[in-house]
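Subject: Structure handover

Hello,

Please find the structure below.

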Amino acid sequence: MKNSSLYISLVALLASASAVFLSVQKAPSEPDQTDAVALVESALKSNPKLVIQAMQDYERIAQEEALAATQKSLDDNIEAINNDPNTPVIGNPNGSIVLVEYFDFACGYCHRVYPAIKNIIAKNPDVKVLGKTLAFVSSASDYAGRAALAANEQGKYTEMYSAIFESKDRLSEDSINAAAQKIGLDMEKFNADVNSEKVKNAMKGFSDLASKIQVNGVPTLILNGKIIQTIDENEIQRRIDEVKSK
């Protein structure tokens, strides 16, 4: 981090110096290199805000380039994001608006956004929510993700998704299995599916796609191919309303 900050500072300083040097070059008289350097140093000392402004401009440009690169990745992979047959659907499967949620059952922020997602689904029957589970946070994350996909094999993904998020017990294989029993799953089939290659490959597919489209944290929400960086229900709804109004 220190090296990165130093690099940005140096770039900013060079940018500032270049701007001043160019203005010097336009002067009627042509100073030699020593005079030019002295003028640059004098200008920076008398107006240090030039360096701050240059750093801010650099950071803004870097953020814009990063966002553009991320959006290109989203555009290039939109079919896999929105139409992967292994991704469970919450809400209306025929919804015209697609909200993809990358989450981890062990993630605290994912638990905080869960009620918002639940309310969004209830208020917006034209929104299809797709759940792509990742395993970032704890040793139980992977099992929880596979368990939800195993429940999906019995047509009860939404029930399992809710049961895990609403459980008051610490996330573990035992609490997850208890949730599976609570929602009435066939436990023999569940145990077979949770360890099946199909389910494991689906989890790997979610992870591989996340890496490809630069999803580096959870929760990450993608609304009609655009990342929205919020867990606030009102903001999510506002963005959905924007899509509806177009």
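Does Ile 120 count as buried or exposed? Ile 120 counts as buried, because its relative accessibility is 0%. Here buried means under 20% relative accessible area, exposed means over 50%, and partly exposed is in between, with a 1.4 Å probe and protein chains only.

Some background before the rest. This is a predicted model, in which local features need pLDDT of at least 70 and side-chain atom pairs count only at pLDDT 80 or more, while totals for chains, interfaces and linings use all residues. Residues are numbered from 1 along each chain as its sequence is written, and side-chain values use heavy atoms, with hydrogens and water left out.

The whole chain

The chain has 11 helices and five strands. These are DSSP runs, numbered from the N terminus: helices are H or I with at least four residues, and strands are E with at least two. Of the 246 residues in the chain, 40% are buried. A contact means heavy atoms within 4.5 Å. Among the contacts in the chain with a separation of 6 or more, 79% are between residues 24 or more positions apart.

Around Ile 120

Ile 120 belongs to helix H5, residues 108-123. Leaving aside residues up to four places away in sequence, Ile 120 touches Leu 99, Glu 233, Ile 236, Gln 237 and Ile 240. One of these, Glu 233, is 113 residues from Ile 120 in sequence, yet the two are 7.4 Å apart in space, C-alpha to C-alpha.

Gln 237, another of these partners, is in helix H11, residues 233-245. Gln 237 counts as buried because its relative accessibility is 17%. With residues up to four places away in sequence again not counted, Gln 237 touches Ile 120, Lys 123 and Asn 124.

Helix H5 against helix H7

Two packed helices are described by the angle between their axes and the distance between the axes. The axes are lines fitted to C-alpha atoms, for helices over the stretch in contact, and the angles run from 0 to 180 degrees between N-to-C directions. The axes of H5 and H7 cross at roughly 135 degrees and come within 10 Å. H5 and H7 are therefore oblique to each other. Angles under 35 degrees count as roughly parallel, over 145 as roughly antiparallel, 65 to 115 as roughly perpendicular, and the rest as oblique.

The crossing of H5 and H7 is left-handed. A crossing is left-handed if the near helix is turned anticlockwise from the far one by less than a right angle, and right-handed if clockwise. On the H5 side, Cys 110, His 111, Tyr 114, Ile 117 and Lys 118 meet Tyr 161, Ser 162, Ile 164, Phe 165 and Glu 166 in H7. The residues of this contact divide into six nonpolar, two polar and two charged. Ala, Val, Leu, Ile, Met, Phe, Trp, Tyr, Cys and Pro count as nonpolar, Asp, Glu, Lys and Arg as charged, and the others, Gly among them, as polar.

Helix H6 and its neighbours

Helix H6 (residues 141-152) packs with helix H8 (residues 173-182) at an angle of about 15 degrees, and their axes are 10 Å apart. That angle makes H6 roughly parallel to H8. The crossing of H6 and H8 is right-handed. Tyr 143, Ala 144 and Ala 147 in H6 meet Glu 173, Ile 176 and Asn 177 in H8. Four residues of this contact are nonpolar, one is polar and one is charged.

H6 is mostly covered, with 10 of its 12 residues buried. Among them are Tyr 143, Ala 144 and Ala 147. The buried residues of H6 pack against strand S3 (127-133), helix H7 (157-166), H8, helix H9 (187-194) and helix H10 (197-212).

The loop between H10 and strand S4 (220-223) holds Pro 219. The peptide bond from Val 218 to Pro 219 is cis, with omega near -5 degrees. Gln 214 is in the loop between H10 and S4. Its phi is near 65 degrees, a positive value in a residue other than glycine. Gln 214 is partly exposed, at a relative accessible area of 36%.

Asn 224 lies in the loop between S4 and strand S5 (226-228). Asn 224 is not a glycine, but it has a positive phi of about 45 degrees. With a relative accessible area of 34%, Asn 224 is partly exposed.

Regards
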